[in-house]
Amino acid sequence: MSTGPSEDELIVGAKLGYAIFKRSSGELEYIKKVWNESDGAGKEERMRCNDGAVDRAGRYWVGTMNDPKVHEPSNEGVLFRLDPDLTLHRMMEKVTIPNGMGWSADDTKMFFIDSPTRNIFVYDFDLESGNISNRQIFFHYDDDEGEGVPDGFAMDSEGNLWTAICGGGKVLKVSPEGKRIGEIEMPTRMISCPGFAGEELFVTSAEEEEPEKYPDSVKYGGSLFRVN
């Protein structure tokens, strides 16, 4: 195991759990695997990590889902929390496709997306203990608003939440009250996650999953966009 931080190393959520990824070599070194015998046979094979975020206390939250190369998505995913002392906690069960997660500026709320539900959930969050409670729907992307599902998101300095709509080719701006107040149309459908760098918004995208059905989306699929 590594003895200290390095610019060549990242801590990531990988196939089997939390690992140190060496950028120069592509090597993975697991520091905490998330599944054990009590999860039943085949769990490690059919699952993988998907999205994650680190809270202000240094706890690394990672959501797991079915590996699409092995198994169709189901609700056997789990949201894990790894503390700085490497203690692992199961924070949420019955997750399907965990995506964006983050916290309010005052660290009293945690936001979480399970994409197939089309919901952005909000929880009461206790910074000292890392516990979450009182789940509510903060924002729902209605069927009549178009195709796609909420994916990753970013928070701005005013508390607005900007969420990618994967499969819908847009980024939505949602107010602190959970109201849709803005929209950015993008030139490809598979928008995955926005992020702020100063006053500029950077937006990632994935490869078009249905190129024959949506040929106009193919050209810019997988691109990184900058919005100012």
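Two strands count as paired if DSSP finds at least two bridges between them. The model described here is predicted. In it, four strands form an open sheet with antiparallel pairing, in the order β8-β9-β10-β11.

**The open sheet**

- The edge strands are β8 (98-103) and β11 (132-140), and each of them pairs on one side only.
- Neighbouring strands of this sheet are turned against each other by 25 degrees on average, with direction ignored.
- Four bridges join β8 to strand β9 (residues 109-114), and the two strands pair in the antiparallel sense.
- Trp103 has Met110 in β9 as its bridge partner.

**The nonpolar core**

- In soluble globular proteins, nonpolar side chains tend to be buried together.
- The largest nonpolar core in this model has 14 residues.
- The residues with the most contacts inside this core are Trp61, Leu79, Met92, Met101, Met110, Phe112 and Ile132.
- At least two residues of the core come from each of β7 (88-95), β8, β9 and β10 (119-125).
- Leaving aside its neighbours within four places in sequence, Leu79 is in contact with residues including Trp61, Met92, Met101, Met110 and Phe112.
- Other contacts of Leu79, again leaving aside neighbours within four places in sequence, include Val62, Gly63, His89 and Arg90.

**Aromatic pairs**

- The structure holds seven aromatic pairs.
- One of them is formed by Trp162 and Phe196, whose ring centres are 5.8 Å apart.
- The planes of these two rings stand at 80 degrees, and planes over 60 degrees apart count as edge-to-face, so the pair of Trp162 and Phe196 is edge-to-face.
- This pair links distant parts of the chain, with Trp162 in strand β13 (residues 161-166) and Phe196 in strand β16 (residues 191-197), 34 residues apart.
- Trp162 has 14% relative accessibility and therefore counts as buried.
- Phe196 has 33% relative accessibility and therefore counts as partly exposed.
- Trp61, Trp103 and Phe125 form one aromatic cluster.

**Charges over rings**

- The charged end of Arg135 sits over the ring of Phe121, at 4.1 Å from the ring centre.
- The ring of Tyr214 has the charged end of Arg189 over it, 3.8 Å from its centre.

Methods: Residues are numbered from 1 along each chain as its sequence is written. This is a predicted model: local features need pLDDT of at least 70, side-chain atom pairs count only at pLDDT 80 or more; totals for chains, interfaces and linings use all residues. Side-chain values use heavy atoms; hydrogens and water are left out. Rings of Phe, Tyr and Trp (its six-membered ring) pair if their centres lie within 6.5 Å; planes under 30 degrees apart count as stacked, over 60 as edge-to-face and the rest as tilted. Buried means under 20% relative accessible area, exposed over 50%, partly exposed in between (1.4 Å probe, protein chains only). A charge sits over a ring if NZ of Lys or CZ of Arg is within 6 Å of the ring centre and within 35 degrees of the ring normal. Axes are lines fitted to C-alpha atoms, for helices over the stretch in contact, and angles run from 0 to 180 degrees between N-to-C directions. A nonpolar core is a set of buried Ala, Val, Leu, Ile, Met, Phe, Trp, Tyr and Cys residues joined through side-chain atoms within 4.5 Å. Contact means heavy atoms within 4.5 Å.
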